[in-house]
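Hi everyone, thanks for making time this morning. I'd like to walk you through the aromatic rings in one model, so let's bring it up on the screen.

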Amino acid sequence: MIFHINFEYAILRKKGFITIQQSPHDTRAMCICPTEKVNDYFINDFSEYQEKLKYLFEVYTDKEIETLFILLSRLYAGIENLDRKVAVESKNSILKEEV
């Protein structure tokens, strides 16, 4: 999962939405800081997107939306589980090659 997080941060950084800076309180930590572009996005672009989402989801009942959210959360947990399994298998494969 760390790869996915780093990849997402790299995309946000490349697009100018965040900066990554050394923490002033802990030299081991890095801080992810939103830029002004984030505010501009939510003010100018996201409201239009949110309106479209409203139309997309208005055909569902509240219970259906709740069920969808639960299932998507479980799917995401499954993806994280798969990522861990692949990482372990990859590590084991490398260790076998070294022996």
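Let's begin with a group of rings: Phe17, Tyr41, Phe42, Phe46 and Tyr49 form one aromatic cluster. Please keep in mind that this is a predicted model. Across the whole structure, a search turns up six aromatic pairs.

One of those pairs is phenylalanine 17 with tyrosine 41, at 5.9 Å centre to centre and with 85° between the planes. Is that stacked, tilted or edge-to-face? It is edge-to-face, because angles over 60 degrees fall in that class.

Where do the two partners sit in the fold? Phenylalanine 17 is in the loop between helix H1 (2-14) and strand S1 (18-22), while tyrosine 41 belongs to helix H2 (residues 36-57). The pair therefore ties together parts that are 24 residues apart in sequence.

Now, a second ring partner for tyrosine 41: phenylalanine 46. Here the centres are 6.2 Å apart and the planes meet at 50°, so this pair is tilted.

And how about accessibility? Phenylalanine 17 is buried, at a relative accessible area of 17%. Tyrosine 41 is partly exposed at 29%, and phenylalanine 46 is partly exposed too, at 22%.

Last, the charges over rings. Phenylalanine 17 comes back here, with lysine 37 lying over its face at 5.1 Å from the ring centre. Lysine 54, in turn, lies over the face of tyrosine 55, at 5.4 Å from the ring centre.

Notes
Residues numbered from 1 in each chain as written. Predicted model: local features only at pLDDT ≥ 70, side-chain atom pairs only at ≥ 80, totals over all residues. Heavy atoms only, no water. Phe/Tyr/Trp six-rings, centres within 6.5 Å; stacked < 30°, edge-to-face > 60°. Helix = DSSP H or I, 4+ residues; strand = E, 2+ residues; numbered from the N terminus. Buried < 20%, exposed > 50% of the residue type's maximum accessible area, 1.4 Å probe, protein only. Lys NZ or Arg CZ within 6 Å of the ring centre and 35° of its normal.
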